[in-house]
Structures are given as C-alpha cells and as structure tokens.
Amino acid sequence: MKKVLLTSLVTLVLSGASLNAYDLKINMQLLNADLNIVKEGFMTSDKEGVGIAIERLAKHTEELLGNQEKFAKMLPAKKKNKAKEAKMSAQIIAHNIQIIRDAIVNKFNQSETIRREEAQRAYTYIEHACFRCHNIVRDVE
Ligand code: HEC
C-alpha cells in the first residue's frame, strides 16, 4: 500500500504536476466529502448530523478558499486570475452555513417547516457556489 502510494506520488512529481495542484485536488476532494455528509444529513433529516457536518465544511472552506493568495498559488499559471473567485465563493458558502446554523438553533423563532426549508435552500446555494467556480475555471476561453 505504502509502495503504491509512493510510486504514484513520484509519478505525479515526475510527470510535472506541481505539488500545489496535488494539494488543490486533495483539498477539493475533502470539500466534496464534507458536502456529501451535509447532503446525507439533509436527505435523512438528521439535524444533529447536519450541524456537525457544516462545521467541518465551514472550517475546510475557510482554510482552502478564504485566502486568495494561497489559493492562487494552487492554480495553474493561466488560471491565476481566477483566484478572486475563491474569496467570493468562500463568502457565499460562509453566509449560507450561517443560515443553516441559525435554523438549527431557531434564532428567529420560526416554525420547524420554515427552518427546514430555509436550511435546505441554503445547502443548494452552497452547492451552487462550487459549480459556479468550477464553470469559471473549467471553461476554455
Ligand atoms: C474558487 C474556485 C472553486 C470553488 C469555490 C470550488 N472549487 Fe472545486 N475545484 C476548483 C479547481 C481549480 C479544481 C481543480 C481543477 C479542476 O478540476 O477543474 C477543483 C476541483 C474539484 C474537484 C475534483 C478533484 C479531483 O480529484 O480532480 C472536486 C471533487 C471539487 N473541486 C469539489 C468542490 C466542492 C464540493 C466545492 C464546494 C464546496 C468546490 N469544489 C468549490 C475550484 C473551486
């Protein structure tokens, strides 16, 4: 197992892929895993599970997307000008995570139905922020 990992890492480095690109992929996979757990919580109406999962997503989003310069370093040269999208996406995601938190603690004294719907909508806006940036960085101009 170790040998396989080492071999693929060496191949990756030798193939000219930068370690930054490798970091970016690993971190993105982590965000995806976090988001999948959030989704599972919503699909099974597991409020506690959602609460735990969004905190993990909040932390990892801020770490990866919150710092524009750090994110720029991970992008290929041609895409560096897209780094400002990272900060904006991080803000959109943080804003919607706060909506979910408020719904869970019933900050605005709303019915269970309304809170559930608002939190679910906020979840889809988070997903939309992921797609939005992917479309920008993946579109060939
Ligand atoms: C600011 C831009 C940006 C945002 C926001 C963003 N991503 Fe990414 N994502 C990238 C870039 C750049 C790549 C690497 C290049 C590519 O795959 O096109 C990537 C790649 C990925 C990949 C593929 C990784 C691989 O193994 O190749 C996944 C999965 C992913 N992102 C998930 C997410 C999820 C989930 C979110 C939202 C929570 C998200 N991303 C938000 C820019 C972003």
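A residue counts as buried here if 20 or more other C-beta atoms lie within 10 Å of its own. Keep that in mind as we walk through this predicted model.

**A helix with buried residues**

In α2, the residues Leu 35, Val 38 and Gly 41 are buried. Their cover includes α3 (47-65) and α6. The helix α2 itself has 25 residues and reaches 36 Å from its first C-alpha to its last, close to the 36 Å expected at 1.5 Å a residue. Just after α2 you will find Ser 45, which takes a positive phi of about 50°.

**The whole protein**

Stepping back, the protein has 6 helices and 0 strands, so its pattern along the sequence reads α-α-α-α-α-α. Some overall values are gathered here.

| Property of the protein | Value |
|---|---|
| Span of the C-alpha trace along its principal axes | about 55 × 40 × 25 Å |
| Share of the 141 residues that count as buried | 18% |
| Share of contacts with a separation of 6 or more that join residues 24 or more positions apart | 55% |

**Around the ligand**

Which residues come nearest to the ligand? Of the 18 residues around the ligand, they are Met 28, Ala 86, Ser 89, Cys 130 and Cys 133. The elements that give two or more residues to this shell are α2 (19-43), α5 (84-105) and α6 (112-138).

Methods
Residues are numbered from 1 along each chain as its sequence is written. This is a predicted model: local features need pLDDT of at least 70, side-chain atom pairs count only at pLDDT 80 or more; totals for chains, interfaces and linings use all residues. A residue is near a molecule or strand if its C-beta atom, placed from the backbone, lies within 6 Å of it. Helices (H or I, at least four residues) and strands (E, at least two) are DSSP runs, numbered from the N terminus. A residue is buried if 20 or more other C-beta atoms lie within 10 Å of its own, exposed if 12 or fewer, and partly exposed in between; C-beta atoms are placed from the backbone. Two residues are in contact if their C-beta atoms, placed from the backbone, lie within 7 Å. The expected span of a helix is 1.5 Å times one less than its number of residues.
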